[in-house]
Amino acid sequence: MKNAIVALTALALLASTALSSNAQARTWDAIKQSGTIKIATEGAFPPFNYFVGKKLTGFEVDLGTAIGKQLGLKVEWVTQPFDNLLIGLNQDRYDFVIASHGITPERLKAVDFANPHYCTGGAVVSKVGGPKTVADLKGKTVAVQVGTTYLDNVQKVAGVGKVSTFPKDTDAQAALMAGRVDVWVGDKFSALEVVKAQKPRLQLGDLLFQERIGMAVKKGNSSLLKELNSSLATELSNGVYAKLSGQYFGQDIRCK
Ligand code: ARG
């Protein structure tokens, strides 16, 4: 219940930033003229966006950089806690966000999304012998990152014992490893990597839901959206996307 209220408050706040911000997002012309595009991500969601020491890296960081360069721009990265990313976008603190946001009807009220840059799902992960199926979640404690589609979808499962939210996805994973929760629900590609790294202690269970992931621009910034979509289409067809995806995942994760 408390989580539901927190999630609702965050969404209401986000929707209101879309309405109350009078400031203009930078149009494509303004960005092009400046020569630099500002991209925001979280930097704590491996292997999509994360830090290795002081270096921001990951599939989405490389893809975002490739898109920026393909558009003929210098790229400047900004990192923000996940829960602040779309709010900052609507406050014109950067031009777009690439941080594994699922394209949901709620988020579409606040921002606009580019065509999906990958398709994935939310997976159940537990220690070997622990819950694997949706039915197994009954009475169990589940860890998820705050502000995510994992939280929304776990709350829809009847009979879950308790949902614990964490500021970062990696904190939710750590809670599972420490035995403080029974299950972590997270991205299936992140989960594959974590299960492999923790071998043989963790297991990958059911997919709770599927989602399409997209870059977000400020609501109404159609000139920038058009450029992002066309640049993404180029990367999808010229081999750049395939190479990055193979490098990070050993497979092509584009939407089929
Ligand atoms: N795909 C999930 C969502 O849409 C999780 C995204 C989390 N991203 C991150 N950078 N931590 O909410």
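Predicted model: local features only at pLDDT ≥ 70, side-chain atom pairs only at ≥ 80, totals over all residues.
Colleague: Which residues of helix 8 are buried, and what covers them?

Modeller: Relative accessible area decides: buried is under 20%, exposed over 50%, and partly exposed in between (1.4 Å probe, protein chains only). In helix 8 (residues 188-197), Phe-189, Ser-190, Ala-191, Val-194 and Val-195 are buried. An α-helix has 3.6 residues a turn, so residues three or four places apart point the same way. The cover, judged by contact (heavy atoms within 4.5 Å), includes strand 8 (118-127), strand 11 (183-187) and helix 10.

Colleague: How many aromatic pairs are there?

Modeller: Rings of Phe, Tyr and Trp (its six-membered ring) pair if their centres lie within 6.5 Å; planes under 30 degrees apart count as stacked, over 60 as edge-to-face and the rest as tilted. The count here is 10 aromatic pairs. Phe-59 and Tyr-248 are edge-to-face, because their ring centres are 6.3 Å apart and their planes stand at 70°. This pair ties together parts 189 residues apart in sequence, since Phe-59 belongs to helix 3 (residues 59-70) and Tyr-248 to helix 10 (residues 240-249). Both Phe-59 and Tyr-248 are buried. Tyr-150 and Phe-209, by contrast, are tilted, because their planes meet at 50° with the centres 6.1 Å apart. Tyr-150 is in helix 6 (residues 149-155) and Phe-209 in strand 12 (residues 202-213), 59 residues apart. Tyr-150 is buried at 4% relative accessibility, and Phe-209 is buried at 11%.

Colleague: Which residues have the most contacts inside the largest nonpolar core?

Modeller: A nonpolar core is a set of buried Ala, Val, Leu, Ile, Met, Phe, Trp, Tyr and Cys residues joined through side-chain atoms within 4.5 Å. The largest one holds 42 residues, and Phe-59, Phe-96, Tyr-118 and Val-185 have the most contacts inside it. Phe-59 also belongs to a cluster linked by ring pairs, whose members include Phe-48, Tyr-118 and Phe-189. Beyond its neighbours within four places in sequence, Phe-59 is in contact with several residues, among them Pro-47, Leu-244 and Ile-253.

Colleague: Which residues come nearest to the ligand?

Modeller: A residue is near a molecule or strand if one of its heavy atoms lies within 4 Å of it. Of the 15 residues around the ligand, the nearest are Glu-42, Ser-100, Gly-102, Arg-107 and Glu-211. A polar backbone atom of Gly-102 is 2.7 Å from a ligand oxygen, and a polar side-chain atom of Arg-107 is 2.8 Å from an oxygen atom of the ligand. Accessible areas come from the Shrake-Rupley method with a 1.4 Å probe; for residues, only the protein chains shown count as cover. Taken alone the ligand exposes 340 Å², of which the protein buries 100%.

How values were computed:
Residues numbered from 1 in each chain as written. Heavy atoms only, no water. Helix = DSSP H or I, 4+ residues; strand = E, 2+ residues; numbered from the N terminus. Polar contact = N/O pair within 3.5 Å; in protein donor to acceptor, adjacent residues only side chain to side chain.
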